[in-house]
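Me: I would like to go through the aromatic rings of a protein model with you. Could you take me through them step by step?

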Amino acid sequence: MDVLQYRFDIAVSATTYKVTVKTSDVRGAGTDANVYAVIFGEHGDSGELHLKKSESNKSPFQNNQTDTFTFPHMLGLGQLTKVRVWHDNRGIHRFAFASI
């Protein structure tokens, strides 16, 4: 019996992604809910990312505030195509009006 062996050399690059969210200044625009994102690219997606610890503010997603979240050591997704952001409706303030 012949045994065939295959060797695959796959170059996988790691990268860091930053997600910046600007919450509107409209009254009640912020949220206390858990906020998540998925980054999509030509080589797949990031999976669910919890936007939990803002680098720029102690309490993220408050009115008229810009929050930045960094995700280091992620697999490179190639050319990015879109970002999906959502929240779980938990907490006292459930509405979010923001731009990514």
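**Aromatic rings in the model**

Reply: Let us begin with Phe61, which is buried, with a relative accessible area of 6%. Please keep in mind that this model is predicted.

Me: How many aromatic pairs does the structure hold?

Reply: There are two aromatic pairs in the structure. In one of them, Tyr36 and Trp86 are stacked, with 5.8 Å from centre to centre and 25° between the planes.

Me: Where in the chain are Tyr36 and Trp86?

Reply: Tyr36 belongs to strand 2 (residues 35–41) and Trp86 to strand 6 (residues 80–87). The two are 50 residues apart, and the pair links distant parts of the chain.

Me: Is Tyr36 buried or exposed? And what about Trp86?

Reply: Tyr36 has a relative accessible area of 16%, so it falls under the 20% cut-off and is buried. Trp86 counts as partly exposed, because its relative accessibility is 23%.

Me: Which residue does Phe61 pair with?

Reply: Phe61 pairs with Phe69. Their rings are stacked, 5.5 Å centre to centre, with 15° between the planes. Phe69 is buried, with a relative accessible area of 2%.

Me: Changing topic: which residue lies over the face of Trp86?

Reply: That residue is Arg84, at 4.3 Å from the ring centre of Trp86.

Me: And what sits over the ring of Phe40?

Reply: The charged end of Lys82 does, 4.7 Å from the centre of the Phe40 ring.

Terms used. Residues are numbered from 1 along each chain as its sequence is written. This is a predicted model: local features need pLDDT of at least 70, side-chain atom pairs count only at pLDDT 80 or more; totals for chains, interfaces and linings use all residues. Side-chain values use heavy atoms; hydrogens and water are left out. Rings of Phe, Tyr and Trp (its six-membered ring) pair if their centres lie within 6.5 Å; planes under 30 degrees apart count as stacked, over 60 as edge-to-face and the rest as tilted. Helices (H or I, at least four residues) and strands (E, at least two) are DSSP runs, numbered from the N terminus. Buried means under 20% relative accessible area, exposed over 50%, partly exposed in between (1.4 Å probe, protein chains only). A charge sits over a ring if NZ of Lys or CZ of Arg is within 6 Å of the ring centre and within 35 degrees of the ring normal.
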